[in-house]
Amino acid sequence: MINTGDVKIAVIGLGYVGLPLAVEFGKIRSVVGFDVNQSRLDELSSGVDLTKEISREELLSAKNLTFTNNPLQLAECNFYIVTVPTPVNPEKFPDLSMLVSASKLVGGVLKKGDVVVYESTVYPGATEEDCVPVLEKYSKLKFNEDFFCGYSPERINPGDKEHTLTQIIKVTSGSNEACAALVDDLYAEIITAGTHKAESIKIAEAAKVIENTQRDLNIALMNELSKIFNKMNLDTQAVLRAAGTKWNFLSFKPGLVGGHCIGVDPYYLTHKSIELGYNPEIILAGRKLNDDMSSYIASTMMDMLAEKGQQDQDIKLLVLGLTFKENCPDIRNSKVVDLVKAFPKEAYEIHIYDPWVNPADFLGQGNVSLIDAPTEDYYHGILLAVPHDCLVELGVEEIKKKGKDGVLFFDLKSAFCKELSDFRL
């Protein structure tokens with residue numbers, strides 16, 4: 001196996017996860033950043049990161065980092081870090097296609113002594129059961145004899161400038177003791193928060209997938225409480241503030257649960273569980289409740305419009321925010337799209353306004369369009385779906401100017417006090 005001094009790193013996939021890794025390692029080691037997207041490589045080479053996770057100064061500080069989409073350049077490396085997306089398909093089954101493709105790519109250049117580390121979120125066992133056979137097939141090498149593997153789950157929180165890569169404890173693991181030590185030592189070079197060496201790859205995989213499963217279930221509870229308290233005409237946020245005065249009350253809030261982590265990762269765990277013969281009732285119930293929130297919000301808006309005498313036709317709505325979370329341009333698995341789709345497209349004209357999103361990244365569909373600026377005095381209902389700072393700073397008065405007299409205002413993330421909105425979770 002290679003030793004720490006001889007490591008030359010390749011990072012496969014330069015998105016939210018891979019780019020920060022490549023940059024940090026590129027400050028101290030030789031790193032090849034690989035991505036199949038040529039436009040992504042061009043922007044990074046010019047010092048621009050459209051995900052807004054890495055500044056121009058940080059990019060330029062990684063003096064030892066080069067970008068490429070040429071697989072031949074990967075052959076110069078001996079330590080491969082795979083950071084490609086692992087989404088779910090429309091049926092909510094794990095989609096490992098990009099992980100398998102990356103494994104084929106690495107397998108084609110793998111040499112004796114090399115190490116492959118996966119960071120993509122998977123179910124326990126995926127690295128050794130799904131990825132290793134691909135590496136063996138395309139390299140003609142033997143696992144744990146000729147090459148070795150590790151797993152170090154990503155913990156990137158898009159848009160969070162406090163809990164950045166180096167400030168989050170890194171879980172590491174390896175396929176044998178020597179590999180585990182090498183992987184841990186290497187990450188320790190860049191992670192100032194420290195590392196935690198897990199006992200096995202499967203334990204590291206399981207630890208990652210339950211992080212977001214736990215958050216998903218806690219948010220599902222808050223969403224259910226919000227539904228109950230709305231029927232009781234109670235302010236959910238006031239209830240949570242009161243309950244939160246106890247030292248061990250967990251701080252979670254209701255809301256739409258999207259993105260490429262919390263809204264996806266639990267399905268990886270439930271898939272493996274069902275495959276093994278156990279039906280994970282609580283996890284799936286939480287997932288269903290969170291997925292159904294878009295329909296609940298849309299139904300509430302339609303009911304309140306009907307109460308105001310607004311006919312269910314030619315209704316114009318403004319949705320503020322499209323991304324899956326605030327102050328972030330990522331629209332992957334955004335539940336705002338599900339929210340919009342929950343309205344009858346024949347009767348509703350819906351505009352989405354989000355200064356964080358490039359219109360070229362979102363193709364409108366049906367009754368949905370991403371607009372450059374909202375029209376004044378035009379909308380019957382306005383929904384603040386994503387509380388970007390730039391939207392909240394407008395203030396409710398300015399936001400309501402976009403609506404007609406008596407416009408309904410839904411504050412879905414409780415960015416403003418209760419008295420300023422007609423509905424909030």
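User: Which backbone oxygen lies 3.5 Å from a polar atom of the side chain of Ser-414?

Analyst: It is the backbone oxygen of Leu-425. A polar contact is a pair of N or O atoms within 3.5 Å; within protein, one must be able to donate a hydrogen and the other to accept it, and residues adjacent in sequence count only if both atoms are side-chain atoms. This is a predicted model, in which local features need pLDDT of at least 70 and side-chain atom pairs count only at pLDDT 80 or more, while totals for chains, interfaces and linings use all residues. Residues are numbered from 1 along each chain as its sequence is written, and side-chain values use heavy atoms, without hydrogens and water.

User: Where is Ser-414, and what else is it in contact with?

Analyst: Ser-414 sits in the loop between β13 (403–411) and β14 (423–424). Helices (H or I, at least four residues) and strands (E, at least two) are DSSP runs, numbered from the N terminus. Beyond its neighbours within four places in sequence, Ser-414 is in contact (heavy atoms within 4.5 Å) with Gln-237, Arg-424 and Leu-425.

User: Is Ser-414 buried or exposed?

Analyst: Ser-414 counts as buried because its relative accessibility is 19%. Buried means under 20% relative accessible area, exposed over 50%, and partly exposed in between (1.4 Å probe, protein chains only).

User: And Gln-214, buried or exposed?

Analyst: Gln-214, a residue of helix α7, is exposed, with a relative accessible area of 54%.

User: Let us turn to helix α9. How many of its residues are buried?

Analyst: In α9 (residues 265–275), 8 of the 11 residues are buried, so the helix is largely enclosed by the rest of the structure. The buried residues are Asp-265, Pro-266, Tyr-267, Tyr-268, Leu-269, Thr-270, Lys-272 and Ser-273.

User: What do they pack against?

Analyst: The buried residues of α9 pack against α5 (126–139), α7 and α10 (281–291). Just after α9, Gly-277 takes a positive phi of about 95°.

User: How many residues has the largest nonpolar core?

Analyst: The largest nonpolar core has 40 residues. Such a core is a set of buried Ala, Val, Leu, Ile, Met, Phe, Trp, Tyr and Cys residues joined through side-chain atoms within 4.5 Å. Ile-12, Leu-74, Tyr-80, Val-82, Val-116, Tyr-118 and Cys-149 have the most contacts inside it. Beyond its neighbours within four places in sequence, Cys-149 is in contact with residues including Val-132, Leu-135, Phe-143 and Ile-201. Apart from this core lies another, of 33 residues, among them Ala-298, Leu-322, Val-340 and Leu-412.

User: New topic: which residues lie nearest the centre of the largest pocket?

Analyst: Gly-15, Tyr-16, Thr-51, Pro-85 and Arg-332 do, out of 48 lining residues. On a 1 Å grid over the protein atoms alone, a pocket is an open set of points where a 1.4 Å probe fits, with protein on both sides within 12 Å along at least five of seven lines; lining residues have an atom within 4 Å of a point. Helix α4 gives the most to this lining, with 4 residues.

User: And which residues lie nearest the centre of the second largest pocket?

Analyst: Those are Asn-157, Arg-215, Ile-219, Ile-262 and Lys-325, among 41 lining residues. The elements giving two or more residues to that lining are α7 (201–231), α8 (236–243) and α12 (335–341). The largest share, 5 residues, comes from α7.
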